[in-house]
Amino acid sequence: MQYIPTKYEKEAINLIRREKEAWEYANVFISEDQYFSMRDEIDDARRNYYGKFEEERDSVTGLEKLWVPLTEWTVERMVANIDLDTKDIHIKHPEGKDVRVPLVMKLILNNFLKKINFGEFLNDFLRRLAIDGTAICKCYLAWSEEYKRNLPTLKIVDPLNLIIDPTAYSLQDVPIIEKSIMTMPEVEKYLSLIHI
């Protein structure tokens, strides 16, 4: 069976294509004729962290270049200095109130954060922030086989897979187009949910 979009679906597809073309390179102007291409900036930051030259050999001598990992050292130092953990979350009790309530709340919160692997997520998020200079995550409910219920799921989103209006103050202010790479089982599960 061939899928034929309706009139409204065609309009939505055209809108998405126009926004993609307008915002794909994420150029941010700092003056009338000067701008940063945020995609190029993130790409350069990653290349510096992982020690990849644009050209592996020197154009004059033909010798292989030697990479000094200054960016990697700096990032690792920053990640070690930031080091946020779930143990850093403190719940205070209102003055004159029972001190045991915040203790119980802290145990409940720590248990919940452990269920959603928040500590591991936070470490990965901070590393991505230090490497790219920016980090984006999304939160959604997903079924947990272990706990037999929907739990919040945190996922780091690659900013190179997002297309947004670069002039927006916040991601909450604008529509977002996300390039999503899915496996065949994920596509089949998604299609079963939307009943196509």
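I began in helix 5 (residues 118-132), where Arg128 and Asp132 both lie, four residues apart, about one turn of the helix. I am working from a predicted model: local features need pLDDT of at least 70, side-chain atom pairs count only at pLDDT 80 or more, and totals for chains, interfaces and linings use all residues. Residues are numbered from 1 along each chain as its sequence is written, and side-chain values use heavy atoms, with hydrogens and water left out.

I took helices (H or I, at least four residues) and strands (E, at least two) as DSSP runs, numbered from the N terminus. For a salt bridge I required a side-chain nitrogen of Lys or Arg within 4 Å of a carboxyl oxygen of Asp or Glu. Arg128 and Asp132 meet that rule at 3.9 Å, N to O.

I then looked up accessibility. I call a residue buried under 20% relative accessible area, exposed over 50%, and partly exposed in between (1.4 Å probe, protein chains only). Arg128 is partly exposed at 28%. Asp132 is buried at 8%.

I searched the whole structure and found ten salt bridges. An α-helix has 3.6 residues a turn, so residues three or four places apart point the same way. Asp43 is partly exposed at 35%, and Asp44 is partly exposed at 31%. I noted that Asp43, Asp44, Arg47 and Glu54 are linked in a network of salt bridges.

**Helix 4**

I checked the length of helix 4 (residues 100-115). I took the expected span as 1.5 Å times one less than the number of residues. For its 16 residues that should give 22 Å, and the end C-alpha atoms are 23 Å apart, which agrees. Asn117 follows the helix, and its phi is positive, near 55°.

Met105 is found in helix 4. It is partly exposed, at 42% relative accessible area.

**Aromatic rings**

I paired rings of Phe, Tyr and Trp (its six-membered ring) if their centres lie within 6.5 Å; planes under 30 degrees apart count as stacked, over 60 as edge-to-face and the rest as tilted. The structure holds five aromatic pairs. Phe53 and Trp67 are edge-to-face, 4.7 Å centre to centre, with 70° between the planes. Both sit in the loop between helix 2 (38-50) and helix 3 (70-82), 14 residues apart. Trp67 is partly exposed at 24%. Ring pairs also link Phe118, Phe121 and Phe125 into a cluster.

**Cysteines**

I looked for disulfides, meaning pairs of cysteine sulfur atoms within 2.5 Å. The count is zero. For Cys137, the nearest cysteine sulfur is that of Cys139, 7.2 Å away. Cys137 is partly exposed at 34%, whereas Cys139 is exposed at 53%.
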